[in-house]
Amino acid sequence: MANPIAPIPGLKPRHMDSAKLYAHRHHMISAFARKGVIAPGGAIAEVGVGIGDFSLFLIDTLKPTSFAGCDLFTLHEHATMWGQPTTEMFDNLDHLSYYERKLKDRPDVVLRLEQGAQPRRPGDLPTCLVRHDLHRRRPCL
Ligand SMILES: C[S@@+](CC[C@H](N)C(=O)[O-])C[C@H]1O[C@@H](n2cnc3c(N)ncnc32)[C@H](O)[C@@H]1O
């Protein structure tokens, strides 16, 4: 069977010219916002959203107009995660419902949820299996 993952290009010396090391990913994202590397009002996708805390951080820091949260949304099928019962972790909801509830208080961003296996490239996002929009959101396509 062919490898479903596209080849990942290696780093070249020129990529290191202005490289910067951050102690924490939050510092890196905050620097992107501060320096205008990622301007407010854009479209952002997070592939593998987990329990949604980083999604909230991305939305609050980068202030995108639209945000796509892509995940298998099946973590509730495990009995425990990181030593905690998933019923407790997800407040007796399934993974997707929990994530939806967590992000519902971000009225200024159009949320698009993509359920399915990770796309090979960002352009592949529309091939995710299920898509649906939260209340008051416009259609995804
Ligand atoms: C450790 S969590 C990451 C959470 C989040 N990005 C963060 O930094 O807090 C990994 C997530 O990736 C999701 N995941 C794993 N394989 C995936 C795949 N093939 N496609 C989409 N999501 C996937 C899992 O369901 C899980 O929610």
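**Figure 1. F73, a buried loop residue.** F73 is buried, with 21 other C-beta atoms within 10 Å. A residue is called buried if 20 or more other C-beta atoms lie within 10 Å of its own, exposed if 12 or fewer, and partly exposed in between, with C-beta atoms placed from the backbone. F73 sits in the loop between β2 (66–71) and β3 (80–81). Helices (H or I, at least four residues) and strands (E, at least two) are DSSP runs, numbered from the N terminus. The phi of F73 is near 55°, a positive value in a residue other than glycine. Most residues other than glycine have a negative phi. The model is predicted: local features need pLDDT of at least 70, side-chain atom pairs count only at pLDDT 80 or more, and totals for chains, interfaces and linings use all residues. Residues are numbered from 1 along each chain as its sequence is written.

**Figure 2. N92, an exposed loop residue with positive phi.** N92 is not a glycine, yet its phi is positive, at about 65°. The residue lies in the loop between α3 (86–89) and α4 (95–103). N92 has 11 other C-beta atoms within 10 Å and is therefore exposed.

**Figure 3. The largest nonpolar core.** This core has 14 residues, of which I59, F67, L96 and Y99 touch the most other members. At least two residues of the core come from each of α2 (53–62), β2, α4 and β5 (110–115). A nonpolar core is here a set of buried Ala, Val, Leu, Ile, Met, Phe, Trp, Tyr and Cys residues joined through C-beta atoms within 7 Å. Not counting residues up to four places away in sequence, I59 touches P64, F67, R106 and V109. Two residues are in contact if their C-beta atoms, placed from the backbone, lie within 7 Å.

**Figure 4. Helices α1 and α2.** The axes of α1 (residues 25–34) and α2 come within 9 Å and cross at roughly 25°. Helix α1 is therefore roughly parallel to α2. On the α1 side the contact is made by H26, I29, S30 and A33, and on the α2 side by F57, L58, T61 and L62. The crossing of the two helices is right-handed. Axes are lines fitted to C-alpha atoms, for helices over the stretch in contact, and angles run from 0 to 180 degrees between N-to-C directions. Angles under 35 degrees count as roughly parallel, over 145 as roughly antiparallel, 65 to 115 as roughly perpendicular and the rest as oblique. A crossing is right-handed if the near helix is turned clockwise from the far one by less than a right angle, and left-handed if anticlockwise.

Figure 5. A43 has 13 C-beta neighbours inside 10 Å and so counts as partly exposed. Leaving aside neighbours within four places in sequence, A43 is in contact with P64, T65 and S66. The C-alpha atoms of A43 and L62 are separated by 9.7 Å, the residues being 19 apart along the chain. V47 counts as partly exposed because it has 15 C-beta neighbours inside 10 Å. From V47 to L72, 25 residues away in sequence, the distance is 9.4 Å, C-alpha to C-alpha.

**Figure 6. V110 in strand β5.** V110 is placed in strand β5. With 19 other C-beta atoms within 10 Å, V110 is partly exposed.

**Figure 7. Residues 126–141 and the confidence of the model.** Over residues 126–141 pLDDT stays under 50, and the model has 28 contacts beyond four places in sequence for this stretch. pLDDT is the predictor's confidence in each residue, from 0 to 100. Confidence in the protein is lowest in strand β6 (residues 130–133), at a mean of 40, and highest in α3, at 97. The average pLDDT of the protein is 82, and 79% of the residues score at least 70. Where pLDDT is low, the predicted coordinates should not be read in detail.
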